[in-house]
Amino acid sequence: MSAAKNKKIDVTANESGLHGQYKTWFLDYASYVILERAVPAVEDGLKPVQRRILHAMKEMDDGRFNKVANIIGQAMQYHPHGDASIGDALVNIGQKDLMVDTQGNWGDVRTGDDAAAARYIEARLSKFALEVAFNAKTTDWQLSYDGRKNEPVTLPMKFPLLLAQGADGIAVGLSTKILPHNFCELIDAAIKYLRGKKFDLHPDFQTGGMVDVTDYNQGKRGGKVKVRAHIEEADKKTLLIKSVPYSVTTTQLIDSIVRANDQGKIKIKKVTDNTAAEVEIQIDLAPGISPDITIDALYKFTDCEISISPNACVIVEHKPQFLGVQELLKLSVDKTKDLLEKELKIRLAELQEKWHYTSLEKIFFEEKIYKELEKKHETWDKVIEAIDKAFVPFKKQLKREITREDIIKLTEKPVRRIYRLDIDELNDQIKKLEADIKQVKHDLNNLVDFAVAYYENLLTKYGKGRERKTEIRQFEVIEAKQVAIANTKLFVNREEGFIGTSLKKDEFLLECSDLDDIVVFAKNGIMKVVKVQDKVFIGKDILHAAVFMKNDDRTTYNMIYTDGKTGVSYAKRFNVTGVTRDKEYDLTRGTEKSKVQYLSVNPNGEAEVVKILLTPGSKARIKEFDFYFEELAIKGRNSMGNQVTKYAIKSVRFKEAGKATLAGKKMWFDDKFGRLNADEKGIFLGMFEPDDRILVIFRDGSYEVTDQELTQRFDNDNIFLIEKFDPEKIISAVYLDNEKKQYNVKRFKIETSTLKSKFLFIKEGKGNYLEAVTTDALPVLAVQQGRGSQVRRGKFKIEKVVEVMGWKAVGNKLLDYSKSVEMEWERKQDNQQPELFG
């Protein structure tokens, strides 16, 4: 016991040792994960496991498919982390369909289906991989982890594979995310860089869809891209999702749609996965739900739209660096050019060596030096010396010294009778070698042109079928409140001054979204904007509550109130545009016991007439009179208003509806996004009254009359004409009748009354399409036929060619179809006569 008590432990020294060891081990581990596991090398764009897989496949390559299980076994000689990591990495490479040819069930990145077991699927290196990734003569080698094998430090990659395939990796303290890019565009960009031209690179995904690259920032940290699925409107009750965003599977997408429906953010009846060779997810809408709003809601509330933040981190000279995609491409092209130069120099050395030996062989036989072998020399060295001496007169014809190894190699050739034909054949070989040497020297002196030709050859051989799959377009900003459906009911207790979703025993007010704000007016003149909640107090005697629309400068409130201090009554007209949520705004003069006598809400600034009754005991001579709100200007909500009467008011009653006092609403069509707006974006459509409509004519020969709803979506690429609808305007249209190979012309008025439905006004048939359309009163069509010296021009006054007919009519023939026909409308000029084609 005493010995134990007297024993001293050096705690400080022990802690110091542990701390030092932990610090060293952690740094070692972090460095290992960064350099050897998670982050790709800039030289070949590969992580170590990927590089080892490709190297193992090259060792096994005989042109035939190999079982993936065998490839995994071969790769385990180089990769010390087990078969699972190798198998997953190989499947990932195979699914990208670039470096590896696959056979069997390799899964599907769109649906998330896994590949079959390794024993059932097969793979081999693609011809592309064999051409761009391997050359033992230009490869730097190192020992494998157990010292038994040589493996490449990096592959001699002559293509920007990292940008083509993309990369993901999470290391210790950092991560990398490089998005895939288009094969053909990468080659075009490489050629532009070699030529000293500017280039841009944008992501392209196997899954297709759409991408907004506005904030891509060249793939650097801080950038982001938005990716969307393609959604089509099959009919007014059905939507079809035709692609999935990158990194999202059909299962994940459907789950997000069901989740949004359960949360009340969208309202659908059913979602069905019809995916086979192509992605198709069918969404059946609930009755009365707008497909346009649902499409916006799918983008806003589900995985139909996702945001991806790239973070291009690569290993450069054994250190992680954050680079942009343009820098990565430049490094790859420079590396490719260096490898091509190295290959050319190796090729030149080989050709020169072959030329030297072939020239030696020719002299050896042509000058009969081989006969020295027949002479009797004392030793073999004497034979070598004799042959070397015999070559002395011809050494000037050679480009380097003759070595002992050269002579020994010559003596090993079988000596037989030499014919002139053999000498001629050697001369031909020398000429061909000299031509090849000349070409290689030319390529070395024109390395940029050689590199360009190399890339162009890659594009020609492997570019077919690798066109861009993801459409680049700018996405509009979707406001959640604008697309959220009414998923909750709002109730009001007017007397006690509460509103909320939990007051189910009180008066039902309206249906709204849980994202909405509610504007509320109380009898005491207090106005307040609040979020939809279970229960919130506003003020006793609630007069009006509705969904609040921010920046709404058309909805006008007409109000009469009595000041609590003076008893004077005032009238005012005002808008409510911007407010602070939950703040109380006093619409009166702010004195105690003020009260609102009358309040009306007018969506287009209507100004009604009201009848005002004064109290019987008032001293006013006239106790009943009309008040006209149209006499008041619309001012701010804080304005005092105009005095109506100084006497006590008994009641204010509505007497007569008024007309709108606001000018028509200006509307534009944003041709970038295919949306209507009031923000002066795009094409100005005109001033619109509440009942005005919009005419849309499509390139497929159909038209649609629609309302002013801003949430509508239009297929911008298919729109031929969009304008304010005038039912009296005559539409002049020229279309191709593909069956008869002729252009028909017709003039008609819109006779249909159904809104938001398409009507085909050209002859139905495969290949028929609208060529020209206008609503000008007296249109003139300029037509050009032919090319060069054979060109013919003419003009048609359409009102002279065809009468006004029904919208379903086929129309009259205008002229025969020709690929060289060009048409455009002209304004009618005075005294201008049309020149008709024969």
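This is a predicted model: local features need pLDDT of at least 70, side-chain atom pairs count only at pLDDT 80 or more; totals for chains, interfaces and linings use all residues.

Reader: What makes β10 and β11 a pair of strands?

Author: Two strands pair if there are at least two bridges between them. Strand β10 (residues 231-235) is joined to β11 by four bridges, and the two run antiparallel. Two residues make up the hairpin that joins β10 to β11.

Reader: Why does N718 count as buried?

Author: Its relative accessibility is 17%, and the cut-off is under 20%, so N718 counts as buried. N718 lies in the loop between β38 (702-706) and β39 (719-724). Setting aside neighbours within four places in sequence, N718 is in contact with I697, F698, R699, D700 and K758.

Reader: On to helices. How do you know that the span of α3 agrees with what it should be?

Author: Helix α3 (residues 48-60) has 13 residues, which should span 18 Å at 1.5 Å a residue; its end C-alpha atoms are 18 Å apart, so the two agree.

Reader: Why is α3 called largely enclosed?

Author: Because 11 of its 13 residues are buried, α3 is largely enclosed by the rest of the structure. The buried residues of α3 include P48, R51, R52, H55 and M60.

Reader: What about α15: which of its residues are buried?

Author: L447, A451, V452, Y454, Y455, L458 and Y462 are the buried residues of α15. They cover an arc of only 155° around the axis, which puts them on the same side of α15. As for length, helix α15 (residues 447-462) has 16 residues and reaches 22 Å from its first C-alpha to its last, close to the 22 Å expected.

Reader: What makes β14 and β17 edge strands?

Author: The open sheet of four strands has the order β14-β9-β8-β17, with mixed pairing. β14 (305-308) and β17 (471-472) each pair on one side only, and they are the edge strands. Elsewhere in that order, three bridges join strand β8 (residues 210-212) to strand β9 (residues 225-228), running antiparallel. There, V211 has V227 as its bridge partner in β9.

Reader: Now the whole chain. Why is it called more spread out than a compact globule?

Author: First the inventory: the protein chain has 17 helices and 48 strands. Its radius of gyration is 41 Å, well over the 28 Å that the globule rule gives for 838 residues, so the protein chain is more spread out than a compact globule. The C-alpha trace spans about 155 × 125 × 45 Å along its principal axes.

Reader: How much of the chain counts as buried?

Author: Of the 838 residues, 47% count as buried. The protein chain exposes about 44,600 Å², with carbon and sulfur atoms supplying 47% of that area.

How values were computed: Residues are numbered from 1 along each chain as its sequence is written. Side-chain values use heavy atoms; hydrogens and water are left out. Buried means under 20% relative accessible area, exposed over 50%, partly exposed in between (1.4 Å probe, protein chains only). Contact means heavy atoms within 4.5 Å. The expected span of a helix is 1.5 Å times one less than its number of residues. The arc is that of the directions from the helix axis to the C-beta atoms. The radius of gyration is taken over C-alpha atoms; the globule rule is 2.2 Å times the number of residues to the power 0.38. Accessible areas come from the Shrake-Rupley method with a 1.4 Å probe; for residues, only the protein chains shown count as cover.
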